[in-house]
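Please look over the sequence and the three-dimensional model shown here before reading the report.

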Amino acid sequence: HRLPRTESVLHRVICPESIYAFHGRQLTRPGVYVDTLKGVNGCDSIVRLNLTPVQEQTDSVQAHIFPGEFVSVGKRKFTSPGNYAITLQSKEGCDSLVLLKLEYYQVFRPTAFSPDGDGRNDFFTVYGGKELVSIQSLQVFDRWGGLVYEGADLTPNDSNSGWDGRNKDKPLSPGLYVYQAILRMDDGKDRRIQGEVTLVR
């Protein structure tokens, strides 16, 4: 009279360069492994292990920030431009590598302009790389805080749009003016910038 035999199949993954312990054996390669165990009642129990490899995962990420912002990868925050290699743990418990290239957004704001009609520097606006999607608003104020220009939905890098040095069609005096702009970037977020510009006649 033979006792019944039980069989069970285990499906497990093995990470690159790791060891999987299987009934006293240290396994380092994927494959199918079989072991027979003796039960307390004398029955054999066969365990079949199907060990599958997990490929090492590497992702490349390119991100842009303004000074004072950060990018999170896993539990780490990155605030400075540079190239970073970050090791994370995948859902299988294996290491995966993230290569992060972090740069500042390229946004240029002239410090002076000369609206004299010569076709060069006649308008004050904001310039940037392809990451600058639109100028949501641009406001310019005189030194007493009076609003002298307000524009909305301006096209970036258009040297023929923006503030032309006038207020209600009257040319303004040379001097220092303050501006603030809301920029929409390629990540869909709006950023507020501010600064000073000199009107030269």
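## Basis of the description

This is a predicted model, in which local features need pLDDT of at least 70 and side-chain atom pairs count only at pLDDT 80 or more, while totals for chains, interfaces and linings use all residues. Residues are numbered from 1 along each chain as its sequence is written, and side-chain values use heavy atoms, with hydrogens and water left out.

## Overall form

The protein has 19 strands and zero helices, where strands (E, at least two residues) and helices (H or I, at least four) are DSSP runs numbered from the N terminus. Its C-alpha atoms fill a box of roughly 110 × 25 × 25 Å along the principal axes. The radius of gyration is 32 Å, whereas a compact globule of 201 residues would have a value near 17 Å; the radius is taken over C-alpha atoms, and the globule rule is 2.2 Å times the number of residues to the power 0.38.

Among contacts with a separation of 6 or more, 49% are between residues 24 or more positions apart, contact meaning heavy atoms within 4.5 Å.

## Nonpolar cores

A nonpolar core is a set of buried Ala, Val, Leu, Ile, Met, Phe, Trp, Tyr and Cys residues joined through side-chain atoms within 4.5 Å. The largest one has 22 residues, and those with the most contacts inside it are Leu 138, Trp 163, Tyr 177 and Leu 183. Two or more residues come from each of strand 14 (132-141), strand 15 (147-154), strand 18 (175-185) and strand 19 (190-199), with strand 18 giving the most, five residues. Apart from this core lies another, of nine residues, among them Val 71, Ile 86, Leu 100 and Leu 102.

Leaving aside neighbours within four places in sequence, Tyr 177 is in contact with residues including Val 140, Phe 141, Val 148, Trp 163, Val 197 and Leu 199.

## Two buried loop residues

Thr 125 lies in the loop between strand 12 and strand 13, and it counts as buried because its relative accessible area is 0%. Beyond its neighbours within four places in sequence, Thr 125 is in contact with Pro 110, Ile 135, Leu 138, Asp 158, Ser 161 and Gly 162.

Ser 114 is placed in the loop between strand 12 (112-113) and strand 13 (127-128), and counts as buried because its relative accessibility is 17%. Not counting residues up to four places away in sequence, Ser 114 touches Arg 120, Asn 121, Asp 122 and Val 200.

Technical notes. Buried < 20%, exposed > 50% of the residue type's maximum accessible area, 1.4 Å probe, protein only.
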